[in-house]
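Subject: Structure for your review

Dear colleague,

Please find the structure below, together with its sequence.

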Protein chains: 2
Amino acid sequence: MNKKYFTVGPTELFPEIADMYAAAAAEGFFSVSHRSKEFEEILEATVNSVTTLLDVPEDFYVFFLSSATECMERIIENTVEKKSFHFINGYFAQRFFDIASLLKKEPAFVKTDFGTGFDFQITNIPDDTELICVTHNETSTGVALPLEGIYKIKKQHPDKLVAVDIVTSVPYYSMDFTFIDIAFFSVQKGFGLPPGLGIMFVRKSVLEKSKSMQTKGFNIGTYNNFIKLAANADKHQTTMTPNIPAIYLLGKISDLILERGVETMRTETEKKANLIYNFFDKHDTIKPFVKDAELRSKTTIVLETELEIQKVLEKIDYNGFVLSKGYGEYKDKHIRIGNFPVHRQEDVSNLIYLFRKF
Amino acid sequence: MNKKYFTVGPTELFPEIADMYAAAAAEGFFSVSHRSKEFEEILEATVNSVTTLLDVPEDFYVFFLSSATECMERIIENTVEKKSFHFINGYFAQRFFDIASLLKKEPAFVKTDFGTGFDFQITNIPDDTELICVTHNETSTGVALPLEGIYKIKKQHPDKLVAVDIVTSVPYYSMDFTFIDIAFFSVQKGFGLPPGLGIMFVRKSVLEKSKSMQTKGFNIGTYNNFIKLAANADKHQTTMTPNIPAIYLLGKISDLILERGVETMRTETEKKANLIYNFFDKHDTIKPFVKDAELRSKTTIVLETELEIQKVLEKIDYNGFVLSKGYGEYKDKHIRIGNFPVHRQEDVSNLIYLFRKF
């Protein structure tokens with residue numbers, strides 16, 4: 001029996017992927033030069049599909065990197081001379097902050113209890129902040145911040161750049177890019193693809209900052225600095241030989257989701273999330289970790305329990321479902337469930353049935 | 001008709017790859033967490049296969065990065081406070097130098113005419129050099145430097161680190177890692193895989209340098225600095241969610257080459273290279289670019305001609321073979337032919353037949 005991966009990413013793959021891969025390999029798509037017309041067409045098709053699916057405006061570059069973690073590094077290198085500001089309510093927001101520290105910047109932060117959100121209205125962001133970093137959907141805690149709150153940051157600080165980690169948000173959550181300057185995700189989450197690709201959307205005007213930093217003598221990185229990334233994006237190319245299969249498949253899976261209907265995907269995601277939250281809200285020993293229903297992520301559902309996590313997961317695994325354990329300090333306290341477009345409602349019902357049985 | 005990619009990379013894929021990919025996807029190998037036991041087993045298997053195939057000693061780390069270009073960046077960041085020294089005889093050696101400059105180091109160099117080699121004996125390397133960089137097989141010119149020459153560098157400078165670009169060298173060329181501290185390659189060349197993965201071998205003692213740089217306050221990078229890469233390699237893990245399909249397939253293709261016999265692979269590579277060089281040595285209008293037969297690469301064969309390159313390549317392409325054009329300034333003057341283990345002798349004969357016919 002093949003197992004179902006209800007993990008928060010890497011996760012279940014769209015079953016179409018192996019055939020898509022084989023067909024593309026046979027066509028020579030993974031053998032073409034990344035400086036060829038053929039590759040430019042593959043890249044352009046993917047850019048069109050992804051920006052259509054995620055409503056990314058035309059004044060944004062689409063950069064292809066190797067992971068969301070690389071995106072964090074390149075963002076700090078290319079937009080922060082000294083001061084970034086970080087909203088930290090989980091391990092991935094913390095990672096963004098740590099990367100700024102390691103790059104010898106002077107990051108500041110506001111931190112709340114993991115599993116909760118922020119009052120964006122009252123947060124005091126220093127005037128000399130260059131970049132504000134927010135994690136929309138914290139995969140480590142299952143908190144999805146209200147998008148209006150994130151937009152408020154930009155409304156209050158139009159002079160500062162706002163970067164949003166949307167790693168596990170898309171394609172379910174729809175962003176208004178009017179109030180976001182940079183956003184990034186990776187493909188092994190909401191797109192049901194194997195890992196190995198990070199995508200970053202960067203407002204074209206952000207390049208002014210990178211250029212000014214370069215002129216001032218800052219180290220903005222080498223082959224993947226924003227200036228090189230942009231110059232290559234303009235040609236529908238990449239800075240180095242990229243993960244062509246992942247770029248190709250991301251386009252194809254975006255097309256698939258578009259074909260099946262974005263609204264259908266959203267409605268189904270909400271239905272599945274409701275099924276899971278409703279069940280565990282009434283469960284005796286396993287409860288949703290996020291108490292404020294408004295903050296509960298629809299895509300990464302985190303549960304807490306006093307039960308022995310390893311045993312619960314093994315029992316579920318034995319019955320054909322793989323779930324994620326908790327992150328960091330929650331390793332032995334949390335169960336995390338991925339609820340992405342790839343996951344079918346029927347399987348969610350079966351998973352809940354398993355928990356009911358035990 | 002499917003075309004044959006006799007390109008210098010990305011190149012022809014091993015025909016087994018699509019089935020290997022489909023089987024692994026069905027097993028859930030591309031859905032597992034990169035912090036799971038299952039992933040550790042995949043990574044360990046690949047490390048064992050690759051180090052066996054390439055004779056990499058046990059006192060070397062195997063790091064998985066996204067591309068050879070990333071390897072260059074991470075090497076400079078983690079081993080050079082100020083001074084690197086570069087042997088430049090082509091565009092890829094030049095790139096290594098440029099990356100050192102962009103990272104605000106003070107790289108020095110010796111440069112020869114592209115298409116030629118070096119007299120390693122007489123090259124004057126400054127005493128305060130920390131890292132010496134050599135490109136063993138210059139994909140842009142078709143020069144393979146004599147390995148004994150490269151070893152001589154280390155013999156003369158045992159106190160300095162030696163990093164060797166072996167991007168298009170392996171698995172055909174066999175390295176003696178006694179005289180190399182760092183080497184790196186990418187999978188879309190000699191391993192006949194789709195692109196998206198860079199592999200780096202780093203002598204474990206090199207870490208002392210990175211640690212000392214970190215203590216002194218140097219920026220050695222973030223998630224992919226050598227210290228984090230090593231800590232994760234020790235656990236058979238990676239620093240971030242990596243390109244799992246590429247890691248898995250690299251192991252499988254290494255096994256395939258081992259099964260078929262390394263000596264067979266080497267003999268066949270030499271036979272195919274001889275066929276190509278002998279033919280073009282006698283050709284009227286298309287000649288090997290590298291005049292010194294001792295320096296001619298067996299894996300990336302570069303030809304020069306006064307003919308209109310685009311027309312020649314189109315004619316060949318029309319007949320089912322894709323070749324690479326020249327690199328950089330040689331774009332309209334060179335034809336480059338990849339001669340990797342994936343390329344069959346029968347197809348080489350057919351390719352030569354095509355050139356004979358025209």
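His236(A) belongs to the loop between helix 7 and helix 8 of chain A. Its phi is near 60 degrees, a positive value in a residue other than glycine. Please bear in mind throughout that this is a predicted model.

Further backbone features of chain A

Lys104(A) is likewise not a glycine and has a positive phi, of about 70 degrees. This lysine is found in the loop between helix 4 and strand 4 (108-111) of chain A. Lys104(A) is exposed, because 12 other C-beta atoms lie within 10 Å and a residue with 12 or fewer is counted as exposed.

Two cis peptide bonds may also be of interest to you. One joins Gly9(A) and Pro10(A), with omega at about 0 degrees; Pro10(A) sits in the loop between strand 1 (4-5) and helix 1 of chain A. Another runs from Val170(A) to Pro171(A), with omega near 5 degrees. Pro171(A) is placed in the loop between strand 8 (161-165) and strand 9 (182-186) of chain A.

Helix packing in chain A

How are helix 6 and helix 7 of chain A set against each other? Helix 6 (residues 207-215) and helix 7 (residues 226-234) pack at an angle of about 130 degrees, and their axes are 9 Å apart. The two are therefore oblique to each other. On the side of helix 6, Leu207(A), Ser210(A), Lys211(A) and Gln214(A) take part; they meet Phe226(A), Ile227(A) and Ala230(A) of helix 7. By class, this contact comprises four nonpolar residues, two polar and one charged.

Helix 8 of chain A and helix 9 (residues 262-281) of chain A cross at roughly 85 degrees, and their axes come within 5 Å. These helices are therefore roughly perpendicular to each other, since angles of 65 to 115 degrees are counted in that way. Ile257(A), Leu258(A) and Arg260(A) from helix 8 meet Val262(A), Thr264(A) and Met265(A) from helix 9. The residues of this contact are four nonpolar, one polar and one charged.

Domains of chain A

Chain A is divided into domain 1 (17-258) and domain 2 (261-357). Taken over C-alpha atoms, the centres of the two domains are separated by 27 Å. The contact between them takes 22 residues from domain 1 and 22 residues from domain 2. On the side of domain 1, the elements that give two or more residues are strand 7 (143-144) and helix 8. That side divides into nine nonpolar, twelve polar and one charged residues.

Which elements of chain A give two or more residues to the side that touches chain B? In total, 43 residues of chain A are in contact with 44 residues of chain B. The elements in question are helix 1 (17-26), helix 3 (68-79), helix 4 (91-102) and helix 8 (244-260) of chain A. Helix 1 gives the most, with six residues. This side of chain A consists of 22 nonpolar, 17 polar and four charged residues.

Buried residues

In soluble globular proteins, nonpolar side chains tend to be buried together. Here, the largest nonpolar core has 200 residues, and those with the most contacts inside it are Ile182(A), Leu250(A), Ile182(B) and Leu250(B). Beyond residues up to four places away in sequence, Leu250(B) touches Thr46(B), Val50(B), Val187(B), Phe191(B), Leu193(B) and Leu197(B).

Ile153(A), in helix 5 (residues 147-156) of chain A, is buried, with 23 other C-beta atoms within 10 Å. Apart from its neighbours within four places in sequence, Ile153(A) is in contact with Phe120(A), Ile132(A), Val134(A) and Val162(A). The C-alpha atoms of Ile153(A) and Asn350(A), which are 197 residues apart along the chain, are separated by 41 Å.

With kind regards

How values were computed: Residues numbered from 1 in each chain as written. Chains lettered and ligands numbered in written order. Predicted model: local features only at pLDDT ≥ 70, side-chain atom pairs only at ≥ 80, totals over all residues. Contact = placed C-beta atoms within 7 Å. Helix = DSSP H or I, 4+ residues; strand = E, 2+ residues; numbered from the N terminus. Nonpolar A, V, L, I, M, F, W, Y, C, P; charged D, E, K, R; others polar. Core = buried A, V, L, I, M, F, W, Y, C linked by C-beta atoms within 7 Å. Buried ≥ 20, exposed ≤ 12 C-beta atoms within 10 Å, placed from the backbone. Axes fitted to C-alpha atoms, helices over the stretch in contact; angles between N-to-C directions. Parallel < 35°, antiparallel > 145°, perpendicular 65-115°, else oblique. Domains from an automatic or database assignment.
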